[in-house]
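Please examine the sequence and the structure shown below before reading on. The briefing is meant to be read alongside them.

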Amino acid sequence: MANRSLFQITLVVDDYDRAKAYYCGVLGFDCVDDKPQGEGKRWVVVRPGKDGAAIVLAKATTDVQKTAIGNQTGGRVGFFLATDDFSRDHKSFLEKGVKFLEQPRSMPYGTVAVFEDLYGNTWDFIEPAKGS
């Protein structure tokens, strides 16, 4: 079997700096790359931690791309952010103004709550159950 992994996904945003400030400043992601690409484009990559996929922040330039901002998964939870300490990070996110759509709940797979990002994309914020 091939050794493969998902290492980057694209998130369509309205502005590089605004998106970078949110994902890095509010959610605590690391900016792992930010390089000019010419013609006003940049290669901006953020990652929530040392493991897992990174997110390429791609500025929408066409009307079709602009309509995808905040609705990249048709209203479904499309992103899953794991933590090793739900209580610590949930409290921090609330203090920074992250909008949770529900109260934390315990599920067989872990502690979870859905939040909206800057654009209205929905995320599961989860501390996986031990052994998951």
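The points that follow treat the domains, the salt bridges and a few individual residues in turn. The model is a predicted one. The protein is divided into domain 1, residues 1-62, and domain 2, residues 72-131.

- The centres of domain 1 and domain 2, taken over C-alpha atoms, are separated by 19 Å. To the contact, domain 1 contributes 17 residues and domain 2 contributes 13 residues.
- Between them, domain 1 and domain 2 bury about 1200 Å². Of this area, 67% is on carbon and sulfur atoms.
- On the side of domain 1, the residues that lose the most area to domain 2 are Tyr22, Val26 and Leu27. Together these residues account for 39% of what that side buries.
- Across the interface there are three residue pairs in polar contact, with both residues at pLDDT 80 or more.
- Two elements, β1 (8-13) and α1, each give two or more residues to the side of domain 1 that touches domain 2. Of the elements, α1 gives the most to that side, with six residues.
- The residues on the side of domain 1 that touches domain 2 comprise twelve nonpolar, two polar and three charged residues.

**Salt bridges**

- Arg42 and Asp17 form a salt bridge through their side chains, with a distance of 3.0 Å from N to O. This pair links distant parts of the chain, for Arg42 is in strand β3 and Asp17 is in helix α1 (residues 16-26), 25 residues apart.
- Arg42 has a relative accessible area of 22% and is therefore partly exposed. Asp17, with a relative accessible area of 47%, is also partly exposed.
- Asp17 and Arg42 belong to a network of salt bridges that also links Lys20 and Asp34.
- Lys99 forms a salt bridge with Glu116, in which the closest N and O atoms are 3.5 Å apart. Here too the pair links distant parts of the chain: Lys99 is in strand β6 (residues 99-100) and Glu116 is in strand β8 (residues 110-116), 17 residues apart.
- Lys99 counts as partly exposed because its relative accessibility is 48%. Glu116 counts as partly exposed at 23% relative accessibility.
- Arg88 and Asp89 form a further salt bridge, and their closest N and O atoms are 2.8 Å apart.
- Asp89 has a relative accessible area of 18%, so Asp89 is buried; the cut-off for buried is under 20%.

**Thr122 and its surroundings**

- Thr122 is found in strand β9, which covers residues 122-128. Its relative accessible area is 12%, and Thr122 is therefore buried.
- The side chain of Thr122 reaches two backbone atoms: the oxygen of Arg76 at 3.1 Å and the nitrogen of Val77 at 3.4 Å.
- Not counting residues up to four places away in sequence, Thr122 touches several residues, among them Gly75, Gly78, Phe79, Leu101 and Val114. Glu116, the salt-bridge partner of Lys99, is also touched by Thr122.

- Gly75 counts as exposed because its relative accessibility is 63%, and the cut-off for exposed is over 50%.
- Gly75 and Asn121 are 46 residues apart in sequence, while their C-alpha atoms are 7.4 Å apart in space.
- Glu39 lies in the loop between β2 (30-38) and β3 (41-47). Its relative accessibility is 81%, so Glu39 counts as exposed.
- What is the phi of Glu39? The angle is near 55 degrees, which is a positive value in a residue other than glycine.

Key. Residues are numbered from 1 along each chain as its sequence is written. This is a predicted model: local features need pLDDT of at least 70, side-chain atom pairs count only at pLDDT 80 or more; totals for chains, interfaces and linings use all residues. Side-chain values use heavy atoms; hydrogens and water are left out. Helices (H or I, at least four residues) and strands (E, at least two) are DSSP runs, numbered from the N terminus. Buried means under 20% relative accessible area, exposed over 50%, partly exposed in between (1.4 Å probe, protein chains only). A salt bridge is a side-chain nitrogen of Lys or Arg within 4 Å of a carboxyl oxygen of Asp or Glu. Domain bounds come from an automatic or database domain assignment. Contact means heavy atoms within 4.5 Å. Buried area is the accessible area (1.4 Å probe) that two parts lose on being put together, summed over both. A polar contact is a pair of N or O atoms within 3.5 Å; within protein, one must be able to donate a hydrogen and the other to accept it, and residues adjacent in sequence count only if both atoms are side-chain atoms. Ala, Val, Leu, Ile, Met, Phe, Trp, Tyr, Cys and Pro count as nonpolar, Asp, Glu, Lys and Arg as charged, and the others, Gly among them, as polar.
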